[in-house]
Amino acid sequence: MFMLVLGQALALCPEVQKAEELGNAGDLDGVLAVLEEHVRVHPDDTEALWRLSRALYEKGEVLAQSVPDSQRMPLYERAGELAVRVEQLDPQNGMGYLWHGAAIAREATARGILASLFSADDVERLWLKALTTKTTYRMDSGISSFPGDVYNGLGQFYRLVPDWSAVEWIAGTKGDIDKSVYYFRLMVKDDPKRLEGVKELGVALLCKGYKQDDDAAKAEGRMWLNKARQMPASYPTDVIDSKQIPVILSRESEACGYSRDGWEDTSEKAYKK
């Protein structure tokens, strides 16, 4: 496995290579064990640091199905700290900005989108900055890629952040369902076999359909979700996504507020309560 940074292939050390192999096999706990030990001895290895940040984020995604949000917060906080260290050590490595933004964003969905609007412009800035780098990456299993993961983040961001007029004044940015669909189409184009991207494109199109009274978007959204439902799921987060698709379809009018770790009413009425 190689990662391309600034057009140069970087060979991974044996420990990071082992973590990649475990990740491809869906062994998230194994990834965490290998990388935790490695960064203890090599605290400035950026290739290990961003992968550990990603693994902590993914562990939080899995735990979201069974533990209170408060128990996941330390994972996201540490994931963010590790990503910031990558930014400091290697400012041209887009992975630092990607996983820093992901950690902040997931803390926001765990606390509540409407209660965390103050952090929205930070997340958007980090992910847009990630896209300015020349970083490229793809796991052999296809479960993670760059820029695919950035497209994923921005697609969810523009769907979940409210788009009512006062939000831009409060948060410095606002949601945009058309941008959401745009980024998810890029994600699916980047890797059409990735279940998460296919599922999220379907969710975004349902959201667009109900926001804009667009029956064609609703129909296309259902098509992508049913397509994702038929795709193989072995990685822990894919298993969760596959199980959630029937629920999404049964609550399709609420698609704008869906995330893997829960549903939220992001309407202006809910904010004013």
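Predicted model: local features only at pLDDT ≥ 70, side-chain atom pairs only at ≥ 80, totals over all residues.
Biologist: Is lysine 218 buried or exposed?
Modeller: The relative accessibility of lysine 218 is 12%, and the cut-off for a buried residue is under 20%. Because 12% falls under that cut-off, lysine 218 counts as buried.

Biologist: Which residues does lysine 218 touch, not counting residues up to four places away in sequence?
Modeller: Setting aside residues up to four places away in sequence, we look for the contacts that lysine 218 makes with other parts of the chain. The residues that lysine 218 touches are Leu205, Leu206, Gly209, Tyr210 and Asp213.

Biologist: Lysine 218 lies over the face of tyrosine 210, but at what distance from the ring centre?
Modeller: Tyrosine 210 is among the residues that lysine 218 touches, and here the lysine lies over the face of the tyrosine ring. The distance from the ring centre is 4.1 Å.

Biologist: Over the ring of which residue does the charged end of arginine 251 sit?
Modeller: Here the charged end of an arginine is placed over a ring, 4.1 Å from its centre. The ring under arginine 251 belongs to tryptophan 263.

Biologist: Where does aspartate 213 lie, and is it buried or exposed?
Modeller: Aspartate 213 is touched by lysine 218, and its place is in the loop between helix 10 (195–212) and helix 11. Aspartate 213 has a positive phi of about 50°, although it is not a glycine. Because its relative accessible area is 64% and the cut-off is over 50%, aspartate 213 is exposed.

Biologist: Which residues form one aromatic cluster together with Tyr151?
Modeller: The structure holds 8 aromatic pairs, and Tyr151 itself lies in helix 7. Tyrosine 151 is buried, with a relative accessible area of 16%. The residues that form one aromatic cluster with Tyr151 are Phe157, Tyr158, Tyr182 and Tyr183.

Biologist: How far apart are the C-alpha atoms of tyrosine 151 and methionine 187?
Modeller: These two residues are 36 residues apart along the chain, yet Met187 is among the residues that tyrosine 151 touches, including also Leu131, Tyr183, Phe184 and Leu186. The separation of the two C-alpha atoms is 5.5 Å.

Biologist: Is leucine 160 buried or exposed, and which residues does it touch?
Modeller: Leucine 160 lies in helix 7, and because its relative accessible area is 7%, under the 20% cut-off, leucine 160 is buried. Not counting residues up to four places away in sequence, leucine 160 touches Thr109, Ile113, Cys256, Gly257, Tyr258, Ser259 and Thr266.

Biologist: How many residues has helix 2, and which of them are buried?
Modeller: Helix 2 runs over residues 28–41 and has 14 residues. From its first C-alpha to its last, helix 2 reaches 21 Å, close to the 20 Å expected at 1.5 Å a residue. What covers its buried residues includes helix 1 (14–24) and helix 3 (46–63). The buried residues of helix 2 are Leu28, Gly30, Val31, Leu32, Val34, Leu35, His38 and Val39.

Biologist: At what angle do helix 2 and helix 3 pack, and how far apart are their axes?
Modeller: Two packed helices are described by the angle between their axes and the distance between the axes. The crossing of helix 2 and helix 3 is left-handed. The contact is made by residues including Leu28, Leu32 and Leu35 of helix 2 and Leu49, Leu52 and Leu56 of helix 3. The angle is about 145°, and the axes are 9 Å apart.

Biologist: Where does aspartate 90 lie, and how far apart in space are aspartate 90 and aspartate 44, C-alpha to C-alpha?
Modeller: Aspartate 90 lies in the loop between helix 4 (69–89) and helix 5 (94–111), and at 22% relative accessibility aspartate 90 counts as partly exposed. Aspartate 90 and aspartate 44 are 46 residues apart in sequence, and their distance in space, C-alpha to C-alpha, is 9.9 Å.

Key. Residues numbered from 1 in each chain as written. Heavy atoms only, no water. Helix = DSSP H or I, 4+ residues; strand = E, 2+ residues; numbered from the N terminus. Expected span 1.5 Å × (residues − 1). Buried < 20%, exposed > 50% of the residue type's maximum accessible area, 1.4 Å probe, protein only. Contact = heavy atoms within 4.5 Å. Phe/Tyr/Trp six-rings, centres within 6.5 Å; stacked < 30°, edge-to-face > 60°. Lys NZ or Arg CZ within 6 Å of the ring centre and 35° of its normal. Axes fitted to C-alpha atoms, helices over the stretch in contact; angles between N-to-C directions. Left-handed = near helix turned anticlockwise from the far one by under 90°.
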